[in-house]
Amino acid sequence: MTDQKTSGSCCSTDGSCHSGAASDAQGAGVTTVYKVSGMTCGHCEGAVSQEISALDGVTAVTAVAKTGEVTVTSAAPLDEEAVRAAVDEAGYELVGTA
């Protein structure tokens, strides 16, 4: 019955809702958490994520307005000034790394 339940599902056999491939992709590269001030909603999160995603080497961005944290995964460490410029372009302020 377990095979039937997970067959064709996005959930893995351990019950978590992600595939092994997605987990492997997130594990590759460098992950940095930045503190950004001024984000208050989902629109803010999207604007910051879009600008940072445009930087060379960025593979994933997750912005959380409630905490002011932006988690960035990239192929190599990013230049903080490039991240600062992207956040500024979105209309927010990079405080530093968390």
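Hi everyone. A residue counts as buried when its relative accessible area is under 20%. Cys 44 has a relative accessible area of 5%, so Cys 44 is buried. Please keep in mind that this is a predicted model.

Let me stay with the cysteines for a moment. How many disulfides are there? The count comes to zero. A disulfide is a covalent bond between the sulfur atoms of two cysteines. Here, the cysteine sulfur nearest to that of Cys 41 belongs to Cys 44, 3.6 Å away. The cut-off for a disulfide is 2.5 Å, so at 3.6 Å the sulfur of Cys 44 is too far from that of Cys 41 for a bond.

Now, on to the core. The largest nonpolar core has 19 residues. Those with the most contacts inside this core are Met 39, Val 48, Ile 52, Val 70, Val 87 and Tyr 92. Which elements give two or more residues to this core? They are strands S1 (30-37), S2 (58-64) and S3 (69-74), together with helices H3 (42-53) and H4 (80-90).

Take Ile 52 as an example. Leaving aside residues up to four places away in sequence, Ile 52 touches Val 58, Val 61, Val 70, Val 72, Val 83, Ala 86 and Val 87.

Is Thr 73 buried or exposed? Its relative accessibility is 9%, so Thr 73 counts as buried. The side chain of Thr 73 makes a polar contact of 3.3 Å with the side chain of Thr 31.

Note on methods
Residues are numbered from 1 along each chain as its sequence is written. This is a predicted model: local features need pLDDT of at least 70, side-chain atom pairs count only at pLDDT 80 or more; totals for chains, interfaces and linings use all residues. Side-chain values use heavy atoms; hydrogens and water are left out. A nonpolar core is a set of buried Ala, Val, Leu, Ile, Met, Phe, Trp, Tyr and Cys residues joined through side-chain atoms within 4.5 Å. Buried means under 20% relative accessible area, exposed over 50%, partly exposed in between (1.4 Å probe, protein chains only). Helices (H or I, at least four residues) and strands (E, at least two) are DSSP runs, numbered from the N terminus. Contact means heavy atoms within 4.5 Å. A polar contact is a pair of N or O atoms within 3.5 Å; within protein, one must be able to donate a hydrogen and the other to accept it, and residues adjacent in sequence count only if both atoms are side-chain atoms.
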